[in-house]
Amino acid sequence: MKETINHIDDLIILSLCGELDHEGQEELRNWIAISDKNRNYVQAQEEIWFSSINKGELAKYDASKAFESFLSHIAEARADKQEKFSNRIHRLLRYAAMIAAVGLVSFFAYQHGQRQLSEEFAEIVIEPALGSRTKAILPDGTSVWLNSGSKLTYSQGFGLTDRQVSLEGEGFFEVTKNKNLPFSVKSGILQVNVLGTKFNFRDYPDDSEAEVVLSEGFVFLKSLMAGNHESKTLIPGQRAVLNKKTGKFELDEYDARKSRMWTQGFLILDGESIYTIAKKLERFYGVKVTVSSKTLEQYHFYGDFIRQEQSLTDILEALKGTGKLHYKINGKNVILY
(Lines give C-alpha, C1' and ligand atoms only; values in the text may rest on other atoms or scores of the structure.)
Protein backbone atom coordinates (compact mmCIF):
# COMPACT_ATOMS: atom_id res chain seq x y z
CA MET A 1 0.00 0.00 0.00
CA LYS A 2 2.82 2.38 0.93
CA GLU A 3 4.61 1.69 -2.36
CA THR A 4 1.38 2.36 -4.26
CA ILE A 5 0.87 5.76 -2.60
CA ASN A 6 4.51 6.68 -3.20
CA HIS A 7 4.03 5.84 -6.88
CA ILE A 8 0.86 7.96 -7.03
CA ASP A 9 2.76 10.84 -5.39
CA ASP A 10 5.32 10.62 -8.19
CA LEU A 11 2.58 10.74 -10.81
CA ILE A 12 0.99 13.79 -9.15
CA ILE A 13 4.32 15.62 -9.01
CA LEU A 14 5.07 14.91 -12.67
CA SER A 15 1.55 16.05 -13.63
CA LEU A 16 1.88 19.33 -11.71
CA CYS A 17 5.25 19.92 -13.37
CA GLY A 18 3.71 19.29 -16.80
CA GLU A 19 6.00 16.30 -17.41
CA LEU A 20 3.61 13.34 -17.08
CA ASP A 21 3.32 11.30 -20.28
CA HIS A 22 0.05 10.00 -21.74
CA GLU A 23 0.39 6.57 -20.10
CA GLY A 24 0.97 8.17 -16.70
CA GLN A 25 -2.00 10.50 -17.14
CA GLU A 26 -4.24 7.54 -17.92
CA GLU A 27 -2.96 5.64 -14.87
CA LEU A 28 -3.57 8.62 -12.58
CA ARG A 29 -7.05 9.22 -14.03
CA ASN A 30 -7.98 5.57 -13.42
CA TRP A 31 -6.71 5.69 -9.84
CA ILE A 32 -8.70 8.86 -9.11
CA ALA A 33 -11.85 7.32 -10.57
CA ILE A 34 -11.69 4.34 -8.18
CA SER A 35 -13.05 6.23 -5.16
CA ASP A 36 -13.82 9.61 -3.63
CA LYS A 37 -11.01 8.93 -1.16
CA ASN A 38 -8.50 8.81 -4.02
CA ARG A 39 -9.91 11.99 -5.57
CA ASN A 40 -9.72 13.80 -2.20
CA TYR A 41 -6.12 12.65 -1.75
CA VAL A 42 -5.05 14.14 -5.10
CA GLN A 43 -6.96 17.33 -4.35
CA ALA A 44 -5.22 17.69 -0.97
CA GLN A 45 -1.79 17.30 -2.59
CA GLU A 46 -2.62 19.94 -5.18
CA GLU A 47 -3.80 22.35 -2.47
CA ILE A 48 -0.42 21.99 -0.75
CA TRP A 49 1.42 22.45 -4.03
CA PHE A 50 -0.35 25.64 -5.07
CA SER A 51 -0.02 27.14 -1.58
CA SER A 52 3.72 26.50 -1.52
CA ILE A 53 4.72 28.24 -4.77
CA ASN A 54 2.66 31.39 -4.79
CA LYS A 55 3.00 35.02 -5.75
CA GLY A 56 3.82 36.16 -2.24
CA GLU A 57 6.97 34.07 -2.01
CA LEU A 58 8.22 35.07 -5.44
CA ALA A 59 7.50 38.76 -5.04
CA LYS A 60 9.64 39.15 -1.90
CA TYR A 61 12.90 38.18 -3.67
CA ASP A 62 14.09 36.72 -0.36
CA ALA A 63 14.89 33.01 -0.54
CA SER A 64 15.25 32.64 3.25
CA LYS A 65 11.91 34.20 4.03
CA ALA A 66 10.24 32.29 1.20
CA PHE A 67 11.65 29.04 2.53
CA GLU A 68 10.43 29.89 6.05
CA SER A 69 6.99 30.53 4.58
CA PHE A 70 7.20 27.22 2.80
CA LEU A 71 8.06 25.43 6.05
CA SER A 72 4.99 26.97 7.67
CA HIS A 73 2.88 25.31 4.95
CA ILE A 74 4.44 22.01 5.95
CA ALA A 75 3.57 22.57 9.61
CA GLU A 76 -0.02 23.50 8.76
CA ALA A 77 -0.39 20.50 6.48
CA ARG A 78 0.90 18.18 9.16
CA ALA A 79 -1.44 19.64 11.77
CA ASP A 80 -4.46 19.18 9.50
CA LYS A 81 -3.71 15.65 8.29
CA GLN A 82 -3.65 12.43 10.22
CA GLU A 83 -0.24 11.22 11.27
CA LYS A 84 -0.32 8.28 8.87
CA PHE A 85 -0.26 10.72 5.93
CA SER A 86 2.58 12.90 7.20
CA ASN A 87 5.44 11.00 5.54
CA ARG A 88 3.76 11.09 2.14
CA ILE A 89 2.89 14.80 2.44
CA HIS A 90 6.45 15.60 3.49
CA ARG A 91 7.70 13.73 0.45
CA LEU A 92 5.50 15.76 -1.88
CA LEU A 93 6.44 19.01 -0.16
CA ARG A 94 10.12 18.20 -0.51
CA TYR A 95 9.67 17.99 -4.27
CA ALA A 96 7.59 21.17 -4.28
CA ALA A 97 10.24 22.96 -2.20
CA MET A 98 12.90 22.10 -4.76
CA ILE A 99 10.70 23.38 -7.56
CA ALA A 100 9.95 26.58 -5.60
CA ALA A 101 13.63 27.11 -4.83
CA VAL A 102 14.59 26.73 -8.49
CA GLY A 103 11.78 29.15 -9.38
CA LEU A 104 13.07 31.70 -6.85
CA VAL A 105 16.66 31.53 -8.13
CA SER A 106 15.57 31.80 -11.76
CA PHE A 107 13.13 34.58 -10.96
CA PHE A 108 15.73 36.57 -8.98
CA ALA A 109 18.21 36.34 -11.84
CA TYR A 110 15.58 37.54 -14.29
CA GLN A 111 14.55 40.44 -12.03
CA HIS A 112 18.16 41.63 -11.73
CA GLY A 113 17.89 43.22 -15.16
CA GLN A 114 14.38 44.56 -14.58
CA ARG A 115 14.88 46.74 -11.50
CA GLN A 116 14.47 49.98 -13.43
CA LEU A 117 10.89 49.10 -14.34
CA SER A 118 8.12 50.91 -12.50
CA GLU A 119 6.40 48.97 -9.73
CA GLU A 120 3.07 50.31 -10.91
CA PHE A 121 1.65 48.51 -13.94
CA ALA A 122 -1.38 49.52 -15.93
CA GLU A 123 -4.26 47.09 -16.47
CA ILE A 124 -4.76 45.63 -19.91
CA VAL A 125 -8.35 44.88 -20.92
CA ILE A 126 -9.45 42.73 -23.86
CA GLU A 127 -13.11 42.89 -24.79
CA PRO A 128 -14.69 41.63 -28.04
CA ALA A 129 -17.46 43.61 -29.70
CA LEU A 130 -21.00 42.54 -28.88
CA GLY A 131 -22.04 39.63 -31.07
CA SER A 132 -18.45 38.66 -31.91
CA ARG A 133 -15.56 36.67 -30.46
CA THR A 134 -11.83 37.31 -30.42
CA LYS A 135 -8.55 35.49 -29.81
CA ALA A 136 -5.70 36.93 -27.77
CA ILE A 137 -2.14 35.76 -27.03
CA LEU A 138 -0.87 36.63 -23.55
CA PRO A 139 2.78 37.57 -22.88
CA ASP A 140 3.62 34.01 -21.73
CA GLY A 141 2.29 32.49 -24.96
CA THR A 142 -1.05 31.40 -23.49
CA SER A 143 -3.89 31.74 -26.00
CA VAL A 144 -7.38 32.83 -24.98
CA TRP A 145 -10.59 32.86 -26.99
CA LEU A 146 -13.14 35.33 -25.61
CA ASN A 147 -16.85 34.99 -26.33
CA SER A 148 -19.24 37.89 -26.95
CA GLY A 149 -20.01 39.94 -23.85
CA SER A 150 -16.76 38.87 -22.16
CA LYS A 151 -13.86 40.82 -20.69
CA LEU A 152 -10.34 39.67 -19.80
CA THR A 153 -8.17 41.83 -17.54
CA TYR A 154 -4.52 41.40 -16.56
CA SER A 155 -1.61 43.48 -15.32
CA GLN A 156 1.00 44.94 -17.64
CA GLY A 157 3.47 43.08 -15.42
CA PHE A 158 1.87 39.71 -16.23
CA GLY A 159 4.51 36.96 -16.15
CA LEU A 160 6.98 38.81 -13.94
CA THR A 161 5.73 37.87 -10.49
CA ASP A 162 2.57 35.96 -11.36
CA ARG A 163 0.28 34.79 -14.17
CA GLN A 164 -3.08 36.05 -12.94
CA VAL A 165 -5.99 37.18 -15.09
CA SER A 166 -9.58 38.15 -14.34
CA LEU A 167 -12.45 36.95 -16.50
CA GLU A 168 -15.99 38.19 -16.86
CA GLY A 169 -17.96 36.08 -19.33
CA GLU A 170 -16.57 33.07 -21.21
CA GLY A 171 -13.09 32.12 -22.35
CA PHE A 172 -11.31 29.07 -23.71
CA PHE A 173 -7.73 28.89 -22.42
CA GLU A 174 -4.71 27.01 -23.80
CA VAL A 175 -2.20 27.67 -21.04
CA THR A 176 1.53 27.60 -21.67
CA LYS A 177 3.30 25.35 -19.15
CA ASN A 178 5.41 26.98 -16.47
CA LYS A 179 5.94 24.78 -13.41
CA ASN A 180 7.44 27.68 -11.41
CA LEU A 181 4.61 30.13 -12.05
CA PRO A 182 1.04 28.75 -11.85
CA PHE A 183 -1.61 30.31 -14.09
CA SER A 184 -4.70 31.64 -12.33
CA VAL A 185 -8.07 32.78 -13.70
CA LYS A 186 -10.46 34.53 -11.34
CA SER A 187 -14.07 35.52 -11.89
CA GLY A 188 -16.48 37.04 -9.40
CA ILE A 189 -17.14 33.76 -7.59
CA LEU A 190 -14.62 31.21 -8.84
CA GLN A 191 -10.86 30.81 -9.16
CA VAL A 192 -9.06 28.29 -11.38
CA ASN A 193 -5.38 27.39 -10.82
CA VAL A 194 -3.38 25.46 -13.43
CA LEU A 195 0.20 24.92 -14.58
CA GLY A 196 -0.43 24.15 -18.26
CA THR A 197 -3.71 22.86 -19.68
CA LYS A 198 -6.77 23.50 -21.89
CA PHE A 199 -10.14 24.40 -20.40
CA ASN A 200 -13.30 26.42 -20.97
CA PHE A 201 -14.39 28.83 -18.22
CA ARG A 202 -17.80 30.52 -18.25
CA ASP A 203 -19.06 32.97 -15.62
CA TYR A 204 -21.26 35.79 -16.86
CA PRO A 205 -22.44 38.04 -13.99
CA ASP A 206 -26.12 37.57 -14.89
CA ASP A 207 -25.90 33.76 -15.20
CA SER A 208 -27.24 31.57 -12.41
CA GLU A 209 -24.14 29.34 -12.48
CA ALA A 210 -20.45 29.28 -13.36
CA GLU A 211 -18.99 26.42 -15.39
CA VAL A 212 -15.54 24.95 -16.07
CA VAL A 213 -14.96 22.12 -18.58
CA LEU A 214 -11.51 20.52 -18.79
CA SER A 215 -10.03 19.30 -22.09
CA GLU A 216 -6.44 18.48 -21.06
CA GLY A 217 -4.31 18.36 -17.90
CA PHE A 218 -5.57 19.11 -14.39
CA VAL A 219 -7.25 22.16 -12.88
CA PHE A 220 -7.82 23.11 -9.26
CA LEU A 221 -11.07 25.03 -8.58
CA LYS A 222 -11.86 27.16 -5.56
CA SER A 223 -15.15 28.88 -4.76
CA LEU A 224 -14.83 32.57 -3.83
CA MET A 225 -18.41 32.89 -2.62
CA ALA A 226 -18.90 34.39 0.84
CA GLY A 227 -19.11 31.71 3.50
CA ASN A 228 -18.15 28.95 1.08
CA HIS A 229 -14.61 28.07 0.08
CA GLU A 230 -15.29 24.64 -1.37
CA SER A 231 -12.65 23.35 -3.79
CA LYS A 232 -12.55 20.70 -6.50
CA THR A 233 -10.05 19.06 -8.83
CA LEU A 234 -11.00 18.24 -12.42
CA ILE A 235 -9.59 15.64 -14.78
CA PRO A 236 -10.05 15.72 -18.59
CA GLY A 237 -13.62 15.14 -19.75
CA GLN A 238 -15.18 16.51 -16.57
CA ARG A 239 -17.37 19.55 -16.01
CA ALA A 240 -17.80 21.50 -12.78
CA VAL A 241 -20.86 23.71 -12.31
CA LEU A 242 -21.00 26.14 -9.37
CA ASN A 243 -24.56 27.11 -8.44
CA LYS A 244 -24.62 30.79 -7.47
CA LYS A 245 -27.65 30.37 -5.21
CA THR A 246 -26.60 27.30 -3.23
CA GLY A 247 -22.84 27.77 -3.50
CA LYS A 248 -22.48 24.05 -4.28
CA PHE A 249 -20.41 22.36 -6.98
CA GLU A 250 -21.79 19.66 -9.25
CA LEU A 251 -19.35 17.46 -11.21
CA ASP A 252 -20.22 15.29 -14.19
CA GLU A 253 -18.71 13.71 -17.29
CA TYR A 254 -18.95 15.99 -20.33
CA ASP A 255 -17.84 16.05 -23.96
CA ALA A 256 -15.19 18.77 -23.75
CA ARG A 257 -15.37 19.39 -27.51
CA LYS A 258 -18.86 20.86 -27.15
CA SER A 259 -17.70 23.42 -24.59
CA ARG A 260 -15.24 25.03 -27.02
CA MET A 261 -17.13 24.75 -30.32
CA TRP A 262 -18.26 28.38 -29.90
CA THR A 263 -14.66 29.36 -30.73
CA GLN A 264 -15.32 27.99 -34.25
CA GLY A 265 -18.60 29.84 -34.68
CA PHE A 266 -20.92 27.05 -33.52
CA LEU A 267 -23.96 27.61 -31.33
CA ILE A 268 -24.67 24.42 -29.36
CA LEU A 269 -28.02 23.94 -27.62
CA ASP A 270 -27.54 20.94 -25.37
CA GLY A 271 -30.79 20.65 -23.44
CA GLU A 272 -30.61 24.15 -21.91
CA SER A 273 -33.56 26.04 -20.53
CA ILE A 274 -35.25 28.74 -22.60
CA TYR A 275 -33.59 31.42 -20.45
CA THR A 276 -30.09 30.04 -21.12
CA ILE A 277 -30.89 29.88 -24.83
CA ALA A 278 -32.14 33.48 -24.75
CA LYS A 279 -28.81 34.63 -23.28
CA LYS A 280 -26.84 32.62 -25.85
CA LEU A 281 -28.79 34.23 -28.69
CA GLU A 282 -28.20 37.69 -27.19
CA ARG A 283 -24.44 37.15 -27.04
CA PHE A 284 -24.24 35.34 -30.37
CA TYR A 285 -26.19 37.86 -32.44
CA GLY A 286 -26.02 41.07 -30.39
CA VAL A 287 -29.78 41.34 -29.77
CA LYS A 288 -32.12 41.61 -26.78
CA VAL A 289 -34.23 38.49 -26.19
CA THR A 290 -37.25 38.49 -23.87
CA VAL A 291 -39.09 35.37 -22.71
CA SER A 292 -42.70 36.45 -22.22
CA SER A 293 -44.36 33.07 -21.55
CA LYS A 294 -43.95 31.09 -18.30
CA THR A 295 -45.00 27.97 -20.22
CA LEU A 296 -41.62 27.92 -21.99
CA GLU A 297 -39.86 27.28 -18.66
CA GLN A 298 -40.77 23.59 -18.81
CA TYR A 299 -39.09 22.96 -22.16
CA HIS A 300 -35.47 22.17 -23.03
CA PHE A 301 -34.08 22.43 -26.55
CA TYR A 302 -31.32 20.78 -28.57
CA GLY A 303 -29.57 21.76 -31.77
CA ASP A 304 -26.26 22.61 -33.45
CA PHE A 305 -26.02 25.79 -35.53
CA ILE A 306 -23.27 27.60 -37.44
CA ARG A 307 -23.31 31.38 -37.32
CA GLN A 308 -21.67 31.81 -40.74
CA GLU A 309 -24.37 29.69 -42.38
CA GLN A 310 -27.48 30.30 -40.26
CA SER A 311 -29.04 33.60 -39.28
CA LEU A 312 -30.92 34.44 -36.10
CA THR A 313 -34.16 33.90 -38.01
CA ASP A 314 -33.01 30.43 -39.11
CA ILE A 315 -32.44 29.42 -35.48
CA LEU A 316 -35.74 30.89 -34.31
CA GLU A 317 -37.55 29.07 -37.12
CA ALA A 318 -35.90 25.81 -36.04
CA LEU A 319 -37.08 26.37 -32.45
CA LYS A 320 -40.54 27.27 -33.69
CA GLY A 321 -40.56 24.02 -35.67
CA THR A 322 -40.66 22.07 -32.39
CA GLY A 323 -44.19 23.39 -31.90
CA LYS A 324 -43.25 24.63 -28.42
CA LEU A 325 -42.73 28.34 -29.03
CA HIS A 326 -43.34 31.34 -31.27
CA TYR A 327 -41.33 34.51 -31.75
CA LYS A 328 -41.48 38.14 -32.87
CA ILE A 329 -38.58 40.26 -34.14
CA ASN A 330 -38.61 44.04 -33.90
CA GLY A 331 -35.24 45.43 -34.91
CA LYS A 332 -32.75 44.31 -32.25
CA ASN A 333 -35.49 43.02 -29.94
CA VAL A 334 -36.77 39.44 -29.95
CA ILE A 335 -39.76 38.15 -27.99
CA LEU A 336 -40.22 34.43 -27.33
CA TYR A 337 -43.71 33.26 -26.31
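Reply: Ser231 sits in strand 11, which covers residues 231-234 (helices, H or I with at least four residues, and strands, E with at least two, are DSSP runs numbered from the N terminus). This is a predicted model, in which local features need pLDDT of at least 70 and side-chain atom pairs count only at pLDDT 80 or more, while totals for chains, interfaces and linings use all residues. Residues are numbered from 1 along each chain as its sequence is written, and side-chain values use heavy atoms, with hydrogens and water left out.

With a relative accessible area of 13%, Ser231 is buried (buried is under 20%, exposed over 50% and partly exposed in between, for a 1.4 Å probe and protein chains only). Leu221 is ten residues from Ser231 in sequence, and their C-alpha atoms are 5.3 Å apart.

Lys232 leads us to another part of the chain: its C-alpha atom is 9.7 Å from that of Ala44, although 188 residues separate the two along the chain. Ala44 belongs to helix 3 (residues 36-52) and is buried at 9% relative accessible area.

Helix 2 takes up residues 22-34, and its 13 residues should span 18 Å at 1.5 Å a residue (the expected span is 1.5 Å times one less than the number of residues). The end C-alpha atoms of helix 2 are 19 Å apart, which agrees. Gly24, Leu28, Arg29, Trp31 and Ile32 are the buried residues of helix 2. Seen down the axis, they fall within an arc of 165°, so they line one face of the helix (the arc is that of the directions from the axis to the C-beta atoms). His22, Glu23, Ala33 and Ile34 are exposed on the other side of helix 2.

Ile124, in strand 1 (residues 123-126), counts as partly exposed because its relative accessibility is 30%. Ser155 is 31 residues away from Ile124 in sequence, with 6.0 Å between their C-alpha atoms.

Ile268 lies in strand 14 and is buried, with a relative accessible area of 9%. Its C-alpha atom is 6.1 Å from that of Gly303, 35 residues away along the chain.

Strand 14 (266-273) also brings us to the largest pocket, as one of the elements giving two or more residues to its lining; helix 8 (274-285) and strand 8 (198-203) are also among them. A pocket here is an open set of points on a 1 Å grid over the protein atoms alone, where a 1.4 Å probe fits, with protein on both sides within 12 Å along at least five of seven lines; lining residues have an atom within 4 Å of a point. The lining has 34 residues, and Arg202, Glu209, Glu211, Glu272 and Thr276 lie nearest the centre of the pocket.
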